[in-house]
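Here is a short report on one protein model. Look at the sheet first, then at the helices and the pockets.

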Amino acid sequence: MGKEPLQVTQRLYDYILEFGYRDDPLLKALREETAKLPAAVMQISPEQGQFMALLAQLMGARYAIEIGTFTGYSSLSMARALPADGKLICCDVSEEYTSIARRYWAKAGIAEKIDLRLAPALETLAALARTQAGSFDLAFIDADKTNYRNYYEAVLTLLRPGGAVLIDNVLWSGDVADPSAKDEETVVLRDLNRFIASDGRVDFCLLPIADGLTIARKR
């Protein structure tokens, strides 16, 4: 019989960052700049960015899309993992936040890999579906939670068979497991988790990385 579920204390998390994460000056600078913003909590964690980059490399991903770019940590992590001729389409609505992302993409020498679409993501996804359905290798969803189910459905149309979608914040600080939590975002995430668990179109795993990360592979 296994041990009790692991509780990630601050001491253990510091250990993970020391021995389970390989930092670099550019990622560190972006984290530090983002930390000064009122919305800094929207940035993904360092170990999550590294995990996503490793997954892209393991998959041999060439064509990726993300929904929700913010200041660019996830896009920087993924785009650097794509081959030289790879492409990452970034969907966001904020010129202010993505202007920070643009600076770091340029510093990393990956700006040519990234196609930023400043428009409501569902509009961008619908346009892509008309010409590029079934052509994406990897997708990442980390935007407004109330549209997560819509994003999920749109992304499945865009992914090739064997492609994968990563969905952020699926544990929502643990609120999804609390029946008394009935705010709209929690309910949407809880319903999405339940739906994916029974969705025969995908193979999936929900991991307790950062605020919860689901990986779903299109069959």
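A residue counts as buried when its relative accessible area is under 20%. Keep that cut-off in mind for this model, which is predicted.

**A helix inside**

Start with helix 4, residues 73–81. Eight of its nine residues are buried, so the rest of the structure largely encloses this helix. The buried ones are Tyr 73, Ser 74, Ser 75, Leu 76, Ser 77, Met 78, Ala 79 and Ala 81.

Strands of a sheet pair through backbone hydrogen bonds, either parallel or antiparallel. Here, seven strands form an open sheet with mixed pairing, in the order 3-2-1-4-5-7-6. Which strands stand at the edges? They are strand 3 (114–118) and strand 6 (202–207). Each has a single partner strand, so one side of each lacks a neighbour in the sheet. On average, neighbouring strands are turned by 15 degrees against each other, direction ignored.

Strand 1 (residues 63–67) pairs with strand 2 in the parallel sense, over five bridges. Two partners can be picked out. Glu 66 is bridged to Cys 90 of strand 2, and Ile 65 to Ile 89 of strand 2.

Helix 3 (residues 46–59) touches strand 4 (136–141), strand 5 (159–168), strand 6 and strand 7. The direction of helix 3 makes about 175 degrees with that of strand 5. Helix 6 touches strand 1, strand 2, strand 3 and strand 4. The direction of helix 6 makes about 155 degrees with that of strand 1.

Is strand 1 mostly covered or exposed? Strand 1 is mostly covered, with five of its five residues buried. Tyr 63, Ile 65 and Ile 67 point one way, while Ala 64 and Glu 66 point the other way.

Now move to strand 7 (residues 213–218), which holds Thr 214. Thr 214 has a relative accessibility of 2%, so this residue counts as buried. Leaving out residues up to four places away in sequence, Thr 214 touches Val 165, Leu 166, Ile 167, Val 170, Asn 193, Ile 196, Cys 205 and Leu 206. Asn 193 lies 21 residues from Thr 214 along the chain, and their C-alpha atoms are separated by 8.6 Å.

**The pockets**

Rolling a probe the size of a water molecule over the atoms shows where empty space is left.

| Pocket | Volume | Lining residues by type |
|---|---|---|
| Largest pocket | about 680 Å³ | 16 nonpolar, 12 polar, seven charged |
| Second largest pocket | about 300 Å³ | seven nonpolar, no polar, one charged |

The largest pocket, with its volume of about 680 Å³, is lined by 35 residues. Of these, Met 42, Phe 70, Asp 142, Ala 143 and Lys 145 are the closest to its centre. Helix 4 returns here: helix 4, strand 2 (87–92) and helix 6 (121–132) each supply at least two residues of the lining.

What lines the second largest pocket? Its lining is made of Leu 6, Val 8, Tyr 13, Ile 16, Glu 47, Pro 208, Ile 209 and Ala 210.

How values were computed
Residues numbered from 1 in each chain as written. Predicted model: local features only at pLDDT ≥ 70, side-chain atom pairs only at ≥ 80, totals over all residues. Heavy atoms only, no water. Buried < 20%, exposed > 50% of the residue type's maximum accessible area, 1.4 Å probe, protein only. Helix = DSSP H or I, 4+ residues; strand = E, 2+ residues; numbered from the N terminus. Contact = heavy atoms within 4.5 Å. 1 Å grid on protein atoms, 1.4 Å probe; cavity = no way out; pocket = protein on both sides within 12 Å on 5 of 7 lines; lining within 4 Å. Points joined across faces, edges and corners; volume = space filled by probe spheres on them. Nonpolar A, V, L, I, M, F, W, Y, C, P; charged D, E, K, R; others polar. Pairing = 2+ DSSP bridges. Axes fitted to C-alpha atoms, helices over the stretch in contact; angles between N-to-C directions.
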